[in-house]
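Please keep the structure open while I talk.

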Amino acid sequence: MSEPFRLRLSLPSQPLSVAAARNIVRSLPRTSQDVIAEIELIVSELVTNAIRHGSDHADDVIELELEASPTLVSGCVRDHGAPFTIPDGPPKDGGPGGFGLFISRTLADTLTVERSGTGNAVRFTATRTP
């Protein structure tokens, strides 16, 4: 059995980091395009949320971790933002935004948020076929 693909990367808390994160997901080895598309959307939404809500300073960084095995992709996006919970459903106010966590929760098998003294770690898993 081969070792899982693992990646840990620090990204600047800037909009260009969303595209960089998507490009990284596209490099996952031995992964179908359908799975890549789902993981790409999950990571894109989580990194966008980290930039919008998880940083107070221009020099803040977002940590992205990905691990891909033949049957599972897991990841984590860490930020320095205020505590939050993952909503049970889509936003109810009808305003713009607020769908990122809902979309991610819908696509991922699991989506959790953990709070530490320095910020949030949003973790996800998604199964895949070899």
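Predicted model: local features only at pLDDT ≥ 70, side-chain atom pairs only at ≥ 80, totals over all residues.

Setting aside neighbours within four places in sequence, Arg22 is in contact with Glu40 and Ser44, where contact means heavy atoms within 4.5 Å. The side chains of Arg22 and Ser44 are joined by a polar contact of 3.3 Å, a polar contact being a pair of N or O atoms within 3.5 Å, of which, within protein, one must be able to donate a hydrogen and the other to accept it, while residues adjacent in sequence count only if both atoms are side-chain atoms. Arg22 counts as partly exposed, because its relative accessibility is 27%; on this scale buried means under 20% relative accessible area, exposed means over 50%, and partly exposed lies in between, with a 1.4 Å probe and protein chains only.

Residues are numbered from 1 along each chain as its sequence is written, and side-chain values use heavy atoms, with hydrogens and water left out.

Arg22 has its place in helix α1; helices (H or I, at least four residues) and strands (E, at least two) are DSSP runs, numbered from the N terminus. Which residues of α1 are buried? They are Ser17, Val18, Ala21, Ile24 and Val25, and they lie on the same side of α1, because they cover an arc of only 120° around the axis, the arc being that of the directions from the helix axis to the C-beta atoms. These buried residues pack against β1, α2 and β2. Helix α1, residues 16-26, lies across β1 and β2 and runs at about 170° to β1, with axes fitted as lines to C-alpha atoms, for helices over the stretch in contact, and angles running from 0 to 180 degrees between N-to-C directions.

Turning to the sheet, five strands form an open arrangement in the order β1-β2-β3-β5-β4, with antiparallel pairing; two strands pair if DSSP finds at least two bridges between them. β1 (5-12) and β4 (110-116) stand at the edges with a single partner strand each, so one side of each is left without a neighbour in the sheet. Between β3 and β5 there are eight bridges, and Val73 stands opposite Ala126 in β5. Seven bridges join β4 to β5, and these two strands form a hairpin with two residues between them.

Not counting residues up to four places away in sequence, Ile39 touches Val25, Leu28, Val73, Phe124 and Ala126.

Finally, in helix α3 the buried residues are Gly100, Leu101 and Ser104. Seen down the axis of α3, they fall within an arc of 90°, so they line one face of the helix, and what covers them includes α2 and β4.
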